Structure formats: structure tokens, C-alpha cells
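Welcome, and thanks for taking a look at this one with us. Please open the sequence and the model side by side, and we will walk through them together.

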Amino acid sequence: MTTETKSCPFCQREVPSTAVICGCGHHFDVNEDDGTEAERLTSTEKINVPYRWLMLAACVILIVGSLLPWGSLSTATLQIEVNGSEGDGVLTAGIGTVLLLVACLSDKRSKDRRLAMIAGGVFSVLLLFPKLLNLLQASGFDSRIYPGILLAITGAILLIVSAVITRLKAVEL
């Protein structure tokens with residue numbers, strides 16, 4: 001028994017001619033007027049996979065950066081270490097953990113997920129940025145900035161950017 005096949009325009013895989021979706025996620029559309037197949041890009045194609053990975057990576061960066069040391073302030077007689085594992089770092093790590101779980105959900109509520117990512121990212125930036133400014137503007141102290149706070153802010157900004165991009169491209173997550 002021979003079956004007719006067609007080639008996917010994205011991955012070049014041979015699929016049955018009756019296939020509606022290729023294994024790579026490309027959607028085939030059957031044109032009702034003349035019965036010929038016309039390819040059509042939709043917002044539900046596998047373009048969402050890179051954005052989900054970006055969101056997952058941003059959550060992990062936020063969590064790790066929130067728990068690492070953020071900086072130090074020192075004078076001739078006193079040295080203070082500012083650690084993310086104290087205070088606001090624990091809060092932003094908790095936000096990152098919740099957002100990581102939200103990003104892993106497989107339901108089709110993309111709009112709610114994007115809103116949560118944007119809100120969590122903005123809230124994290126609002127918590128972290130004043131700490132960075134305090135470290136930069138510490139008068140009378142020799143201050144050093146460690147990568148932890150920069151990683152946490154980068155993760156929060158990546159969350160916001162990835163959620164806004166998926167919103168603009170109408171990508172389902």
C-alpha cells in the first residue's frame with residue numbers, strides 16, 4: 001500500500017499528504033476554493049519554543065543572581081558584604097521560582113502567562129535596581145559590585161522582553 005507524501009517547506013521532512021501538522025510544528029492549510037494545499041504561518045507554530053526557553057533561562061538567571069553575593073562596602077575598619085540571600089534577594093528568588101513554574105505550565109493561557117512574566121519582571125527590577133544604586137552611590141565607602149545583582153537584573157529584564165515580544169508576535173506559549 002503506497003501513500004502519497006508531501007514535503008514540509010520548513011524541515012523538508014516527507015509527511016503523508018493528508019497531514020495537517022508536520023512533526024516540526026508547521027501547519028498545512030487546505031484551500032477550500034480549489035482543493036490545493038497552501039502553506040500558512042500561524043501564531044501557534046513552533047516559533048514559541050525559543051521564547052519559552054528564553055523565559056525559562058531568564059527565570060533561572062533571576063533565581064541564581066538573586067541568591068549570589070551582590071557586592072561589598074568597606075572602609076579602613078569596616079567591611080559589609082551585601083548578599084542576595086538576605087532580604088530582597090530571597091524575595092526575588094521566590095518570584096523567579098514562581099515564574100519558572102508558570103513558564104513550565106502547558107495550558108493554553110498564554111495571555112495570563114505573559115502578564116505574570118511582565119509583572120514579575122517589573123516587580124523584580126523595582127526591588128533590585130535600588131540596591132544596585134545604593135551600592136554604586138555609597139559615599140564614604142569603597143564599594144564593589146559583584147555579578148549576582150547584575151545577573152538578577154538581567155534575568156528580570158529578559159523576562160519582560162521575552163513576554164513583550166511574544167505579546168507583539170501573538171505567540172501562544
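K131 is partly exposed, because its relative accessible area is 33%; the label covers values between buried (under 20%) and exposed (over 50%), with a 1.4 Å probe and protein chains only. This is a predicted model, in which local features need pLDDT of at least 70, side-chain atom pairs count only at pLDDT 80 or more, and totals for chains, interfaces and linings use all residues. Residues are numbered from 1 along each chain as its sequence is written, and side-chain values use heavy atoms, leaving out hydrogens and water.

The side chain of K131 forms a salt bridge with that of D88, at 3.7 Å from N to O; the term asks for a side-chain nitrogen of Lys or Arg within 4 Å of a carboxyl oxygen of Asp or Glu. K131 belongs to helix α3 and D88 to helix α2, so this pair ties together parts that are 43 residues apart in sequence. The structure holds one salt bridge.

| Residue | Relative accessibility | Class |
|---|---|---|
| D88 | 23% | partly exposed |
| C8 | 0% | buried |
| C59 | 0% | buried |

C59 is in no disulfide, and the nearest cysteine sulfur, that of C104, is 7.9 Å away. A disulfide needs two cysteine sulfur atoms within 2.5 Å, and the structure holds zero of them.

Leaving aside neighbours within four places in sequence, L62 is in contact (heavy atoms within 4.5 Å) with residues including L128, A152, A156 and L159. Buried residues of α4 include I149, A152, A156, L159 and I160. The 22 residues of α4 (147–168) should span 32 Å at 1.5 Å a residue, and this agrees with its end C-alpha atoms being 31 Å apart; the expected span is 1.5 Å times one less than the number of residues.

## A strand pair

Strands β5 and β6 (residues 79–83) run antiparallel and are joined by five bridges. A hairpin of four residues connects β5 to β6, and P69 stands opposite N83 in β6.

Methods
Helix = DSSP H or I, 4+ residues; strand = E, 2+ residues; numbered from the N terminus. Pairing = 2+ DSSP bridges.
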